[in-house]
Amino acid sequence: MAISYNSSLQKATFFLTGFQGLEDLHGWISIPFCSIYLTVILGNLTILHIIRTDATLHEPMYYFLAMLALTDLGLCLSTLPTVLGIFWFDAREIGIPACFTQLFFIHTLSLVESSVLLSMSVDRYVAICNPLRYSSVLTPTRIIKMGLSSVLRSALLILPLPFLLKRFQYCRSHELAHAYCLHLEIMKLACSSIIVNHVYGLFVVACTVGVDSLLIFLSYALILRTVLSIASHQERLRALNTCISHICAVLLFYIPMIGLSLVHRFGEHLPRIVHLLMSYVYLLVPPLMNPIVYSIKTKQIRQRIVKKFEFVKS
């Protein structure tokens, strides 16, 4: 029987899925997931603490890094309750309002991350191509405006999705393929035409992630042109070295996203566990690896972390 969102708001539910066929091992499977979540939380909180407490890091590059850490932290916390709830308590049932709320935060924060990566590429472009104007271009006020515009753009574009899903009746299986709610997956359960959701979803991706990735590529093309015009080989390497961490963050975000899209589009014949693992890689690997990459590759961050540990030790 069809379940209408409007008439059965309290009764209508979806059912989340862990690793099907491995339910008896969910307790063991939760151990690496707990380790990942703990590392993500501690790593990003450490980055935020270092930047907040060290006045020498109150510069545009580190403000954008703090934005990235906040976004990664939010993305991690938006999936943590349902993922660990399934592994620990077999809590598969989720109400439609809670599901749509989780969906909103997951998709919004993913788009915010794309915007922050674009802002960081602008920071690198100005620092390398126009260093004399760096402090006058990237003022604290402008950085705050860039951060707020990233959040507002993402939230306003994702806000219609729950309302578009609200129109539907869900007469098919209410079982989702993941341990969290995603727009693409929920709309497939609807028993009416989903063409509007498809078109709007493609529009959102094109005007956010699509535009951001093109502008990031353009900024690095201009950076490369400027770097190659530098006479000194050592200066060229030093300029490029300041971009390594950001390039790694961009690759960590876009490669899993492209991989997940390809698996969804062309991988219907692949085992279900491949789809599951790719979705977890997309949502968990960037928040896990970004603090590690910046701690290793950014000398100032690395030195401050070592200092903090030495202070705690003493």
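**Ground rules.** I number residues from 1 along each chain as its sequence is written, and side-chain values use heavy atoms, with hydrogens and water left out. Since the model is predicted, local features need pLDDT of at least 70 and side-chain atom pairs pLDDT 80 or more, while totals for chains, interfaces and linings use all residues.

**Entry 1, ring pairs.** I looked up rings of Phe, Tyr and Trp (its six-membered ring) with centres within 6.5 Å; planes under 30 degrees apart count as stacked, over 60 as edge-to-face and the rest as tilted. I got twelve aromatic pairs by this rule. F14 and Y170 form one of them, edge-to-face, at 5.3 Å centre to centre and 80° between the planes. F14 sits in strand β2 (residues 13-15) and Y170 in strand β4 (residues 169-170), so this pair ties together parts 156 residues apart in sequence. Strands here are DSSP E runs of at least two residues and helices are H or I runs of at least four, numbered from the N terminus.

I found F14 and Y170 buried (under 20% relative accessible area; exposed is over 50%, partly exposed in between; 1.4 Å probe, protein chains only). F168 is buried too.

Ring pairs link F19, F33, F87, Y180 and Y280.

I found I194 in the loop between α7 (183-187) and α8 (195-228). I194 is buried, at 19% relative accessible area. Leaving out residues up to four places away in sequence, I194 touches F168 and M187 (heavy atoms within 4.5 Å).
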